[in-house]
Protein chains: 4
Amino acid sequence: MGMSEVIYTDISEIKNIHIFGRMGKVRQPMPLLFNGSGIEVVVTGSDLWIDLETDSDFHEPWVAYEINGAFIGRQMLLPGEHRICLFRNMESSIPKRVRFYRELQAMGDDGVCKVMVKGLELDVNGSFLEVPKYERKIEFIGDSITSGEGSYGAVTDTDWLAMYMSASVNYATMTAKLLNADYHLISQGGWGVFCGWDNDPRHNIPSVYEKVCGLCGGAVAKELGAHEEYDFASWQPDVIVVNLGTNDITSFNQPPFVNPEDGQTYKQRKNEDGSLNREDELKVEKAIVNFLTMLRKHNPKAHIAWCYGMLFCDLDLTITEAMTEYRRNTGDTNISFFQLPDTTMETVGAHMHPGRASHEGAAKALSNYLRTMMNW
Amino acid sequence: MGMSEVIYTDISEIKNIHIFGRMGKVRQPMPLLFNGSGIEVVVTGSDLWIDLETDSDFHEPWVAYEINGAFIGRQMLLPGEHRICLFRNMESSIPKRVRFYRELQAMGDDGVCKVMVKGLELDVNGSFLEVPKYERKIEFIGDSITSGEGSYGAVTDTDWLAMYMSASVNYATMTAKLLNADYHLISQGGWGVFCGWDNDPRHNIPSVYEKVCGLCGGAVAKELGAHEEYDFASWQPDVIVVNLGTNDITSFNQPPFVNPEDGQTYKQRKNEDGSLNREDELKVEKAIVNFLTMLRKHNPKAHIAWCYGMLFCDLDLTITEAMTEYRRNTGDTNISFFQLPDTTMETVGAHMHPGRASHEGAAKALSNYLRTMMNW
Amino acid sequence: MGMSEVIYTDISEIKNIHIFGRMGKVRQPMPLLFNGSGIEVVVTGSDLWIDLETDSDFHEPWVAYEINGAFIGRQMLLPGEHRICLFRNMESSIPKRVRFYRELQAMGDDGVCKVMVKGLELDVNGSFLEVPKYERKIEFIGDSITSGEGSYGAVTDTDWLAMYMSASVNYATMTAKLLNADYHLISQGGWGVFCGWDNDPRHNIPSVYEKVCGLCGGAVAKELGAHEEYDFASWQPDVIVVNLGTNDITSFNQPPFVNPEDGQTYKQRKNEDGSLNREDELKVEKAIVNFLTMLRKHNPKAHIAWCYGMLFCDLDLTITEAMTEYRRNTGDTNISFFQLPDTTMETVGAHMHPGRASHEGAAKALSNYLRTMMNW
Amino acid sequence: MGMSEVIYTDISEIKNIHIFGRMGKVRQPMPLLFNGSGIEVVVTGSDLWIDLETDSDFHEPWVAYEINGAFIGRQMLLPGEHRICLFRNMESSIPKRVRFYRELQAMGDDGVCKVMVKGLELDVNGSFLEVPKYERKIEFIGDSITSGEGSYGAVTDTDWLAMYMSASVNYATMTAKLLNADYHLISQGGWGVFCGWDNDPRHNIPSVYEKVCGLCGGAVAKELGAHEEYDFASWQPDVIVVNLGTNDITSFNQPPFVNPEDGQTYKQRKNEDGSLNREDELKVEKAIVNFLTMLRKHNPKAHIAWCYGMLFCDLDLTITEAMTEYRRNTGDTNISFFQLPDTTMETVGAHMHPGRASHEGAAKALSNYLRTMMNW
């Protein structure tokens, strides 16, 4: 039977396409910046290919693809050009909805890591149909949990590697699907709202939120347009889910961190009775207040739901105190707090992070919550 | 085979007994004041009976019993004397652990409602063995959810009746079992921490917390010793679970209430944008702060966990603001907030209250939470 | 509020009633002969009572009742007259569907055991409405599994007592509900299709199948009409579920039985390699063939589904060999074999019998099976 | 960081390796003939690659890989040479257990389809450790169900394509894992024990069972050694699970098939009342008897469990009649029949075949069954 004859189209030339994830001005080739970032098309025709260019050093990108909403494949991409067949020999006349997306979070630790979509190759008998509109838009902001860390891998695995992260087994993706929502993911393992798990004060999400992808550093940032100011007007979510706090609370139990940039030592402290040092707790709260303010500035109508608890919930009263402070200061009541179900021994994945069952449970709870809260 | 010969013992004369639920000074006959209130014995012998006296008007008490931890029976008790066989013809030499308890909440709306245990009748070959000690103690304070309202009955049932309430299908009982904990239940359907679902300002749990059973009014209160000051020193819980707020938030959507006692009108208001009137919200918060203060006064070492959310969680930020206020005022950090899983269409019971599956889910989440929080 | 004024009606005088379970000619008082036997009415009015007369020696009957399809209560009935309130103070104008039924199997071991329904007392404002017709009819024939043995009680309980058996937690009742079917239950713990678990050749269900209730012996049989020939024409099932074989296979591992009636010794033998002695296996098969013939004689149109396996399935090939033999002999193809899900450590109940979860799993599988097989 | 220096070893030179699936004499490159066929190694070192050569026409092979028992990736392989990275940058000193296997069944419809493993490339610091021995051995023989057809893909998908089949989401793989068993898979979608779903008499598994891989036809058969007689002595299973019958029963409802090889018409017939034509039913039974005889000849000690029912079970009495016939003829009692749980609307996958949940349920039931049956 052999291969069908296909026609290549630049990704930026395809009008009937849905793009997942934040985009800057660079559209050709199109950078997939975050996990969950990807493209979706509805096509007739028997064969479809995607052309990519990737680079990486330590942390190679992984990608996944699905057909008609069902997971089909997942693989590692080593540096170079790639031509991946998304399907072949399918019944030509039946429309196929195909999604291709990045599994690996924006990789701050790998200066050259990138996934660039150049174009699609569709067989000559096929055409790009309109992609059905998503009813809702949700932005997820988080840490390793939202990066799907440990969603792949054995419970015993402890290496910190790209292959264990995903968008495919991820409460955010699942929630968006359950709600028929378009979504953006902005997350980074180890980062917090105030500082990283290891007390590194630079590892806070607010500091990068306003760039297209502030998590990407170094060499390729310019090529990707990652350091441009993000055009918030281009995509206004109905709901922003902030799932941060897990690393902030961890920092209280970790050794001090010496910041190589300023030579100073940073440490969130605990009192002798095990409670949080009030001064340090207030630093977290100030960061939360400021972040809420920043989120509101850029997303004036979005409901902001702080959703926390998949790796225990001991920062509840700190987060809510800050939310209260923000609410008092601003009168903004379009915010809420929701606790996600904790991960248990039965639902845990690799290196003590949420596994598939935990992500599924969180997605079920969160989608129920948003349905009620948003009258969806 | 007929009936075994049995020997009656006054309940107050039985030394090897565990008593569930608050007790005042009245011990003979022994009043079972709350749902979950009951007695537990471990006995040899083939037959065991319990002798009771009950009264009621509209809301007849229900009781349930279990053997070796498993539910066996549940029935209505109409006014009068009762002699209920808890088991018979069992292998005499094997110890049986038997629990008998009240299903119906303390019934504020039925002035004569009572359940009095007079004694047990054990067959002549049996004896009362020591009841194994419970490792932990938990006090649950709540509303209709903690009264198990709707835990029995069809989803379509809407009458407000005693038979739909329980301790047997109840997250509090289940949680206590999962944690091998003794427990007290203090709850009342329709009540809140500040006011009732219908804006009735009298229907707040704090106002009755310091009595043995302040929920019992009228005729029989004295007989039961219900209005005595409760001796908190007699039973100090490791954890207090407060599951209140569901009726407080409901009151904001209900018509005004005219209090027959003072002729005044009470109403928790909403703003035009649907948010809570700040003044009224602060009334709830003040009630929470005061209640936490009261709880701490009487339970200096208990961890206080406000656990809320089985019928949605829209009062989260109000509750936590109050908890923060309390924490700031007092420096007391031995408190926490935990959100219980919401009831869904799949887990709902009678008249839109949590059903068995919802109670089971809540118990699983709450017991996991307390294990981690308490290092249990 | 007190008690409503009620009007008593003989059970045989109530036209709008559904009767569950086999009935003979005795209708007043109406004997409930099997577990699951009971009555169902739909009534308006606020209060409903049932009047009963029971007797027993060792094995006291238990009963259960439900309102609008939901379990409400379950209790032991000791010998005597009983007046049980099924509901009170309900909204008078709303129709209530009420079922009252026997939990305890026909008790062959207790010669005087009986449950007689004398009548119902409905409040003066109520009336008996038509009971909606069930769409289907299923007869369940079985052993301890179908008698719900161990469906109540702790996993550690090993006494053989009435309180551990039920129709309320029973795959047969659950299956009938899932299929909106009327049902009959004919079952006896320890009995088989050929012999009892202990090799007692008298303990086979076919020997009693043609009587109204051949399981009831002795003193009260006449009073109950239990030994009359059953009028099969009065109730022709769409499906007969035979769940027998578990005790027949057990007998191969048990010591010989000396039948006190004929002084002879009975023993189903195994070969040295652990396989079944062929001669003895053929005795079981002959009993199955004969039983199928008997079932067909009395139920010419019913689909006969042999449904087996809730306590392992090692008699599969014996049962199906006999079914094949029957099919070859008669050309009757309106029979089928279905394996029920095995009970596991997670789903087991008291004394190693199926617990609630096992019954629920069996009901789900069986109702799915019957939907497909019967085009329901 | 770049790439580690690696050392290539021919697959046939690696002593510390476990091979899944049937092998003939061809070992270099090593053909992976069936779904589930693959290799497993335990290695130290930071990087591991596998070198492959594949070919195909219409039905391209898919492969999957796992680390320490957890699924990591799955991808399509188009014709050519492949070098796939199985992991990189892992902690060198910690042993990693890696499995790489074919997802696609032996593809009878694609004459050139093949997957050949040439060798592994392990980084210079790594070494091949001993692979822990599997405790048990199971051979699975089946049709599309055992080929995992529909285990990937959306419920709405109806194309018959390689990408929808798998060993990764497959009850056979799951069962083997639950039992810590090595396993062989021999299966083909659409085939039966007597004939194919479409009445094609050539599509019966027994006709190919004795070859290494009789399913592979044409051009590449010789290269793969597929048509050699299989050396049964090389791998004697403890249990043979035969999951056949689903296509045999389907053929009774399908139009006649004209065999291009002999020009004759084949059709399994039904009687007017919907029952199976006895003559045709006996053809199926004869095929079963013959297949059991063949299995026993080659596997004298294996327990043979016919396990059937994941897509309904209407051939039960036909299969068991044949098993009985075989047992009568031979006296061989080391066989059993087990019904697998049916697939429901909740557990279905693509084109009406079992989905992940159905495979998981079947694996749970089957592993429980084998534990009991085999005293495992």
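Student: In which loop is the place of B:Asn68?
Tutor: This is a predicted model, in which local features need pLDDT of at least 70, side-chain atom pairs count only at pLDDT 80 or more, and totals for chains, interfaces and linings use all residues. Residues are numbered from 1 along each chain as its sequence is written, while chains are lettered from A and ligands numbered from 1 in the order in which they are written. Helices (H or I, at least four residues) and strands (E, at least two) are DSSP runs, numbered from the N terminus. B:Asn68 sits in the loop between β6 (62-67) and β7 (70-76) of chain B. B:Asn68 is not a glycine, yet has a positive phi of about 50 degrees.

Student: Is B:Asn68 buried or partly exposed?
Tutor: A residue is buried if 20 or more other C-beta atoms, placed from the backbone, lie within 10 Å of its own, exposed if 12 or fewer, and partly exposed in between. B:Asn68 has 18 other C-beta atoms within 10 Å, so B:Asn68 is partly exposed.

Student: Which value does phi of A:Met352 take, and where is A:Met352 placed?
Tutor: Phi of A:Met352 is near 60 degrees, a positive value in a residue other than glycine. A:Met352 belongs to the loop between β18 (335-339) and α7 (356-373) of chain A. A:Met352 counts as partly exposed because 13 C-beta neighbours lie inside 10 Å.

Student: Which residues does a cis peptide bond join in chain A?
Tutor: The cis bond is between A:Gln28 and A:Pro29, with omega of about -15 degrees. A:Pro29 lies in the loop between β2 (18-20) and β3 (30-31) of chain A. In chain B, a cis peptide bond joins B:Gln28 and B:Pro29, with omega of about -15 degrees. B:Pro29 is in the loop between β2 (18-20) and β3 (30-31) of chain B.

Student: How many residues of helix α1 of chain C are buried?
Tutor: Six of the eight residues of α1 (residues 171-178) of chain C are buried, and the helix is mostly covered. The buried residues are C:Tyr171, C:Ala172, C:Thr173, C:Met174, C:Thr175 and C:Ala176. Two residues count as in contact if their C-beta atoms, placed from the backbone, lie within 7 Å. The buried residues of α1(C) pack against β12 (136-142), β13 (181-187) and α7 (356-373) of chain C. Just after α1(C), C:Asn180 takes a positive phi of about 50 degrees.

Student: Which strands do bridges join to β9 of chain C?
Tutor: Two strands pair if DSSP finds at least two bridges between them. Strand β4 (residues 38-43) of chain C is joined to β9(C) by six bridges, and these strands run antiparallel. Within that pair, C:Val41 has C:Val98 as its bridge partner. Strand β6 (residues 62-67) of chain C is also antiparallel to β9(C), with five bridges, and C:Ala64 stands opposite C:Tyr101. As for burial, six of the seven residues of β9 (residues 96-102) of chain C are buried.

Student: Into which domains is chain A divided?
Tutor: Domain bounds come from an automatic or database domain assignment. Chain A is divided into domain 1 (6-129) and domain 2 (136-373). Their C-alpha centres lie 26 Å apart. In the contact between them, 30 residues of domain 1 of chain A meet 31 residues of domain 2 of chain A. The largest share of the domain 1 side, three residues, comes from β7(A).

Student: Which rotation superposes chain D on chain A?
Tutor: Two copies of a chain are related by a rotation about an axis and a shift along it. Copies are superposed by least squares on the C-alpha atoms of residues with pLDDT of at least 70 in both. Here a rotation of 180 degrees with 0.0 Å of shift along its axis superposes chain D on chain A, with RMSD 0.0 Å. That is the relation of a two-fold axis. Of the residues of chain D, D:Arg74 comes closest to the rotation axis, at 2.7 Å (C-alpha).

Student: How many residues of chain D are in contact with chain A?
Tutor: There are 26 residues of chain D in contact with 26 residues of chain A. Strand β7 (residues 70-76) of chain D gives the largest share of the chain D side, six residues.
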